[in-house]
Amino acid sequence: MTLNVAIQMDHISTVSIAGDTSFALSLEAQRRGHRLFHYTPDRLSMLGGRVFARVEEMQVRDVKGDHFTLGEAVRTDLSEMDVILLRQDPPFDMNYITTTHLLERIHPQTLVVNDPAWVRNSPEKIFVTEFPDLMPDTLITKDSGEVDAFRREHGDIIVKPLYGNGGAGVFHLQDADRNLASLLEMFGQMFREPFIVQRYLKDVRKGDKRIILIDGEPVGAINRVPAEHDSRSNMHVGGRAEATELTDREQEICARIGPSLKERGFILVGIDVIGDYLTEINVTSPTGVREVKRFGGADIAALFWDAVEAKRSGS
């Protein structure tokens, strides 16, 4: 099977190939003989009910500083593609949402991964609230009175943007911290949406585990340990990756959410678990594939394409 695969992503020139999942998926697709095409979200258009993009044929190489070659941009009806990978990074804003509306016009005749309608309807910090017994205590609000009451009950809290990503804007406020009012004022000026407040989990010092699921089944994990003077474990802000195995509790979490992931057509998902608690379900452009393999885990890029090829073949 040879597939024409278009990847809607941040420009390939901007990725850090050592840890980029989109790049890992591209390498494996190319190894299998699939044709790769690249475009950024600003090249997406719709005319007369048809969805177009100016795409460039792409070759990739696992060579830092020389990792890609792009052909000439050609205006292309995306319904001519077999697969489109929806892989641009958030922010999950109206621009992002609009791209899901456009791609929904061609899915599933062209297989869009992940399903654009369900990506739109499953924001990562809201989707997880469908499993309240698996989560830490969580408040979504812009009401400062609600935040005050939550803090009085729980003491140490985390405050973060509801639609943020990559650890940006994540604040740990200890019980005696006097900056909450100023922080809420700043968030209110920066974001139209509510923000999210969670009970602080001390187990984050042991790591924030990224577990990757393919078609609802866990296939690998990496533990991300925050730097000494940071509460965030994201690797691009100083978190340290280390090998790990799934605990019984994490297996239970995956078993609970797996059916919902399959029902929504989520082929590639990354969840975050701190201690015994599920904190996020990442469905937009989940990462961690290269780190899992680097630490001796599964070749998740291969498992991903096995699943995609099976869906395209109808098996």
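Leaving aside neighbours within four places in sequence, Val119 is in contact with Leu86, Phe92, Tyr96, Thr100, Asn114, Phe266, Val283 and Thr284, where contact means heavy atoms within 4.5 Å. The model is predicted, so that local features need pLDDT of at least 70 and side-chain atom pairs count only at pLDDT 80 or more, while totals for chains, interfaces and linings use all residues. Residues are numbered from 1 along each chain as its sequence is written, and side-chain values use heavy atoms, with hydrogens and water left out.

Val119 lies in helix H3; helices (H or I, at least four residues) and strands (E, at least two) are DSSP runs, numbered from the N terminus. At 1% relative accessibility Val119 counts as buried, a class defined by under 20% relative accessible area, with exposed set at over 50% and partly exposed in between (1.4 Å probe, protein chains only). The C-alpha atoms of Val119 and Asp299 are separated by 24 Å, and these residues are 180 residues apart along the chain. Asn114, one of the residues in contact with Val119, is located in the loop between strand E7 and helix H3 (116-120). A cis peptide bond with omega of about -5° joins Val113 to Asn114. Another cis peptide bond, with omega of about 10°, joins His107 and Pro108; Pro108 lies in the loop between helix H2 (94-104) and strand E7 (111-113).

Val283 and Thr284, both among the contacts of Val119, are also in contact with Glu124, as are Glu280, Ile281 and Asn282, leaving aside neighbours of Glu124 within four places in sequence. Glu124 is found in helix H4 and counts as buried at 11% relative accessibility. From Glu124 to Leu134 there are 10 residues in sequence and 15 Å in space, C-alpha to C-alpha.

Helix H4 (124-127) is included in what covers the buried residues of helix H7, together with strand E12 (208-214), strand E13 (217-225), strand E15 (268-274) and strand E16 (277-282). The buried residues in H7 are Glu250, Ile253, Cys254, Ile257, Gly258, Ser260 and Leu261. The 16 residues of H7 (residues 248-263) should span 22 Å at 1.5 Å a residue, and the end C-alpha atoms are 24 Å apart, which agrees; the expected span is 1.5 Å times one less than the number of residues. At Ile257, shortly before the proline Pro259, H7 has a kink of about 35°, the bend being the angle between axes fitted to the seven residues ending at a residue and the seven starting there. Gly265, with a positive phi near 70°, follows H7.

Two residues were examined in the loop between strand E14 and H7. Thr244 is partly exposed at 23% relative accessibility, whereas Glu245 is exposed, with a relative accessible area of 66%. Not counting residues up to four places away in sequence, Thr244 touches Lys209, Ala221, Ile222 and Asn223. Glu245 is in contact with Lys209 and Glu250, leaving aside neighbours within four places in sequence. The C-alpha atoms of Glu245 and Ala221 are 6.8 Å apart, at 24 residues apart in sequence. Thr244 and Gly65 are 179 residues apart in sequence and 30 Å apart in space, C-alpha to C-alpha. In the loop between E12 and E13 lies Asp215, which has a positive phi of about 50° although it is not a glycine. Asp215 is partly exposed, with a relative accessible area of 22%.

Two packed helices are described by the angle between their axes and the distance between the axes. The axes of helix H1 (residues 21-31) and helix H9 (residues 300-313) come within 9 Å and cross at roughly 65°; axes are lines fitted to C-alpha atoms, for helices over the stretch in contact, and angles run from 0 to 180 degrees between N-to-C directions. The contact is made by Ala24, Leu25, Glu28 and Ala29 of H1 and by Ala301, Ala302, Phe304 and Trp305 of H9. By class, this contact has 7 nonpolar, no polar and 1 charged residues, with Ala, Val, Leu, Ile, Met, Phe, Trp, Tyr, Cys and Pro counted as nonpolar, Asp, Glu, Lys and Arg as charged, and the others, Gly among them, as polar. In H9, Ile300, Ala301, Ala302, Phe304, Trp305, Ala307, Val308 and Glu309 are buried. The 14 residues of H9 should span 20 Å at 1.5 Å a residue, and the end C-alpha atoms are 20 Å apart, which agrees. H9 is followed by Gly314, whose phi is positive, near 80°.
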